[in-house]
There are 2 protein chains.
Amino acid sequence: MGYKHNIEDVIQRGIELVRTQGYHNVGINQILKASGIPKGSFYNFFPSKEAFIKAALESYGRDYSAWIRGLLQTEDPSPLSRLRSFYRILIDANEADEYAGGCLINTVSNEVGRNNDIIGEAADNGFQKLIQAVAECVELGQQAGEITTNYTALELAEYLHAGIYGSFSRMKVTRSRAYMDRWYQMTFDFITN
Amino acid sequence: MGYKHNIEDVIQRGIELVRTQGYHNVGINQILKASGIPKGSFYNFFPSKEAFIKAALESYGRDYSAWIRGLLQTEDPSPLSRLRSFYRILIDANEADEYAGGCLINTVSNEVGRNNDIIGEAADNGFQKLIQAVAECVELGQQAGEITTNYTALELAEYLHAGIYGSFSRMKVTRSRAYMDRWYQMTFDFITN
DNA sequence: TTACAATTAGACAAAACGGTCTAATTTTAC
DNA sequence: GTAAAATTAGACCGTTTTGTCTAATTGTAA
């Protein structure tokens, strides 16, 4: 049967709160309330807020990179087309989310990544997972002659990552998908053969 | 003679603290201590922390965009060369700063831009100032035939903005200029004729 | 000089913060 | 069934948070 509360539930609720509202802006009590868990159970599972967000980043990174891989491994025979499709879906998802937060890793990384080594490292690990998933598809696109080979697949994946995440930053205050759409158009214009 | 304390001093100290440590991670008391101002004076100048950061964003946006304009209006006759030089200096500055914070507007925007309309709007205004300063030089580069005219100057400036700020995000957790350098190389490869 | 306004100064307050603690309950292992 | 371990529950604690308040001081304008 198991006990009443479930760690994974708490993590998912916490992810959603922190992703949309920020690390320091969300208190433990808020997470307790949202997940219906008492404080004792929370601190039984996690020794600190820092440990909680580390676990959240790891869970999010796993799920997110798996989601990316799923989207990049469809039956579409063109790697470039799959890559384009992925970014369109990502942009659509952010619009559907009303530009509320973008990516948890980005939110946390920007807020505390530089000032907290444990969180910073967890964020970096997460980013690398996402970038790696993209790089694999980029490489296939290069092999298929669809994407420029002037740069390595990893360099291109990092370029894509920086660009879309920079667009997220503008998106958050403009609350518009225009910047992401323009980024999409221009970037694929630049990197395709 | 004037009174003992000076608003602009307090703003500059606050900017530096918030830029490197984040909005919620820096308390009023920290700003008071750093600028040697008592609480009564602070709240005499600013009605709230929110009002303070709004003033800080405005001051920072003014100074930063003026700094950009200065760097983009040298005696170098090539707009493209001036633009390249500006981004090299910007990247160098972030390295010299030990990747501590990047841009105040970006830091605050990512942390609270979506959850606080007053701060979000101030951040957006600041971003627009910076992008506009870059766009003017991009346009000159287009007129000189150095930069692609497939996109408007504003679109290209926004693209540059998103890219370098996305690189900042990676920079913060990797504490390395590698991502910015690669972004620089690739972007100018893409946008030049 | 005098009257008024702005600034200075920091004690104080209410609320929120992360985290601790003890006791009751539930599950697991033997 | 029984003992040990894990989980649940929330009252409680010390600290820190933003913001208020009153009184003294300083500057300004008549």
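In chain B, the axes of helix α5 (residues 79-96) and helix α7 (residues 117-143) come within 8 Å and cross at roughly 145°. Axes are lines fitted to C-alpha atoms, for helices over the stretch in contact, with angles from 0 to 180 degrees between N-to-C directions; helices are DSSP runs of H or I, at least four residues, numbered from the N terminus. P79(B), L80(B), R82(B) and L83(B) of α5(B) meet C137(B), V138(B), L140(B) and G141(B) of α7(B), where contact requires C-beta atoms, placed from the backbone, within 7 Å.

This is a predicted model: local features need pLDDT of at least 70, side-chain atom pairs count only at pLDDT 80 or more, and totals for chains, interfaces and linings use all residues. Residues are numbered from 1 along each chain as its sequence is written, while chains are lettered from A and ligands numbered from 1 in the order in which they are written.

I turn to the two chains. In all, 40 residues of chain A are in contact with 40 residues of chain B. On the chain A side, α8(A) supplies the largest share, 14 residues.

Next, the DNA. Around DNA strand D there are 19 residues, counted as near if the C-beta atom, placed from the backbone, lies within 6 Å. The closest are Y3(A), H5(A), G40(A), S41(A) and G27(B). Helix α3(A) gives the most to this surface, with four residues.

Finally, V108(A) touches V18(A), Y23(A), I53(A), L57(A), G113(A), I119(A) and A123(A), leaving aside residues up to four places away in sequence.

Definitions and conventions
Two residues are in contact if their C-beta atoms, placed from the backbone, lie within 7 Å. Helices (H or I, at least four residues) and strands (E, at least two) are DSSP runs, numbered from the N terminus.
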